[in-house]
Amino acid sequence: MSTLSIDIKSPKSLSLEERETWTVFRKTNPALYSPYFHIGYTDILGSLRDDTYVLVLRKGGQVSAFLPFQAKIGNTGRIGFARPVGAPMTDYHGFIYGPDTKFNVLDVFKQAGFGAFHYDALVDPNGLFEAHMRDQVLCAIIDVSSGGDVWRSEQGSSYRRHLKTNRRRTRKAAELGQRRVEFGCRDEKIFEQLITWKRQKFLDTGKYDVLCAGWTLEMLKQFWLRGKNSDLRADMHVLYFGDDIAAIDLGLTDGATFHSWIVAYNSKHHTLAPGIQLLEEVIEASTSLGYSRIDMGEGIDSYKRHYASSEVHVSSGFIAASGPTASLSNIYGLAENFGERNFGSFGRLPGKARRRYAQISACEPTFNGRAKAMLRAVKGIYAIKNPRFSRVFLLK
């Protein structure tokens, strides 16, 4: 049996050979198509956060897998609690490895000194995390490798009915002035408008504002500033109704896959569904833009069900490896299981609170900041089930 060895490195300390191996793994494993698995994504995170690391797994002396992650590493070298790199901004995450790679993931985490590893959008084609998975969701993919017209011709009746509705909205929008799209927009004022709209949406819906952390906003901006000649960048597409900005879509792309990342629209035009109109324009222009795939991320409900030509499975859960952090994770898991089995939808609140805290702790650097944000989050989660609580307390 080949011996497993593990190194924990910063992204900048990866050797040239390791970086080339990472790239080969991604090219040869179709499950790693997403630009979030591009080594440049981890590089950017490493330049913005000093708690970014890469687990390098070797088998028989040869690199077998990589796992980019974030954690505070103590003086003893123990990792404690770890999360995916770039969380909560990273829509997909997981090990980077070849298509036939197998290993015992729990043993790897124990050997590496992890206490626990929590994940929420794990791509796991080889089923390494199957025994530790709590939930699984589908993600919607639009396959435009043969062009937008071919994709449309292959869609079913549900999409065709949806398309008729969208064309009526398009004609209505044209009454407001010239309807146009700017692909690959480089205007900083438009970028700022996108962020303003998105942050207002977080406020309106009571969701945690992940853009309140300096590093999250800086990451978006750095990818956007890279421009169209970079092999990993953020493209920003803008729809106008006359002089009004109607919708903006900022997507992470490696050139072939466009992953819709931050989307926002002008609320005064919401009845015209400007976000869907912009999506249709991106599909139409996919060939000229170089996209073969448009990834809409987690979920296939609402409008996404009309567009999904294929689906990707991602999972959420945690691995409790060793030490106090593992014990705490197991306690959380037992509490969530008990609540879900015995208290219906209300019993899912502990899980929602844990996931919200994971977002907050990834963004908020101080205990006071995390405590205040979590208090607001708990109020918001509880208010979903108790509208009277919302009226009385959330306005304070």
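What share of the 396 residues in the protein is buried? Buried residues make up 49% of them, where buried means under 20% relative accessible area, exposed means over 50% and partly exposed lies in between, computed with a 1.4 Å probe on protein chains only.

The model is predicted: local features need pLDDT of at least 70, side-chain atom pairs count only at pLDDT 80 or more, and totals for chains, interfaces and linings use all residues. Residues are numbered from 1 along each chain as its sequence is written, and side-chain values use heavy atoms, with hydrogens and water left out.

**Whole chain**

Start with a cartoon view. The protein has 14 helices and 13 strands; these are DSSP runs numbered from the N terminus, with helices (H or I) of at least four residues and strands (E) of at least two.

**Salt bridges**

Side chains of opposite charge can pair when their charged atoms come close. The whole structure holds 14 salt bridges, each defined as a side-chain nitrogen of Lys or Arg within 4 Å of a carboxyl oxygen of Asp or Glu.

Select arginine 58 and glutamate 18. They form a salt bridge in which the closest N and O atoms are 2.5 Å apart. Arginine 58 lies in strand 2 (residues 52-59) and glutamate 18 in helix 1 (residues 16-28), so the pair ties together parts that are 40 residues apart in sequence. Both arginine 58 and glutamate 18 are buried.

Arginine 26 has a relative accessible area of 15% and is buried.

Next, select arginine 233 and aspartate 235, whose side chains meet in a salt bridge (2.9 Å, N to O). Arginine 233 counts as buried at 8% relative accessibility, and aspartate 235 is buried with a relative accessible area of 10%.

**Helix pairs**

Two packed helices are described by the angle between their axes and the distance between the axes. Here the axes are lines fitted to C-alpha atoms, for helices over the stretch in contact, and angles run from 0 to 180 degrees between N-to-C directions.

Show helix 2 (residues 39-48) with helix 7 (residues 214-225): their axes come within 10 Å and cross at roughly 135 degrees. That makes helix 2 oblique to helix 7; angles under 35 degrees count as roughly parallel, over 145 as roughly antiparallel, 65 to 115 as roughly perpendicular and the rest as oblique. To see the contact, display Gly40, Tyr41, Ile44, Leu45, Ser47 and Leu48 of helix 2 against Trp215, Glu218, Met219, Gln222 and Phe223 of helix 7.

Move to helix 5 and helix 8 (residues 274-284), whose axes come within 10 Å and cross at roughly 105 degrees. Helix 5 and helix 8 are therefore roughly perpendicular to each other. Residues in the contact include His162, Arg169 and Ala173 of helix 5 and Ile276, Gln277 and Glu280 of helix 8.

**Loops and backbone**

Leucine 176 is in the loop between helix 5 (157-174) and strand 8 (179-182). Leucine 176 counts as partly exposed at 47% relative accessibility. Not counting residues up to four places away in sequence, leucine 176 touches Phe241, Gly242, His269 and Leu272.

Select alanine 273, in the loop between strand 11 and helix 8. This alanine is not a glycine, yet has a positive phi of about 45 degrees. Alanine 273 is buried, with a relative accessible area of 14%.

Then go to proline 88, in the loop between strand 4 (80-84) and strand 5 (96-97). The peptide bond from alanine 87 to proline 88 is cis, with omega near 5 degrees.

Serine 302, in the loop between strand 12 (293-298) and helix 10, has a positive phi of about 55 degrees. Serine 302 counts as partly exposed at 47% relative accessibility.

**Last stop**

Finish at lysine 304, in helix 10 (residues 304-307). Lysine 304 is buried yet has no salt bridge, and the nearest side chain of opposite charge, aspartate 301, is 6.2 Å away. For charge, Lys and Arg count as positive and Asp and Glu as negative, while His and the chain ends are not counted.

How values were computed
Contact means heavy atoms within 4.5 Å.
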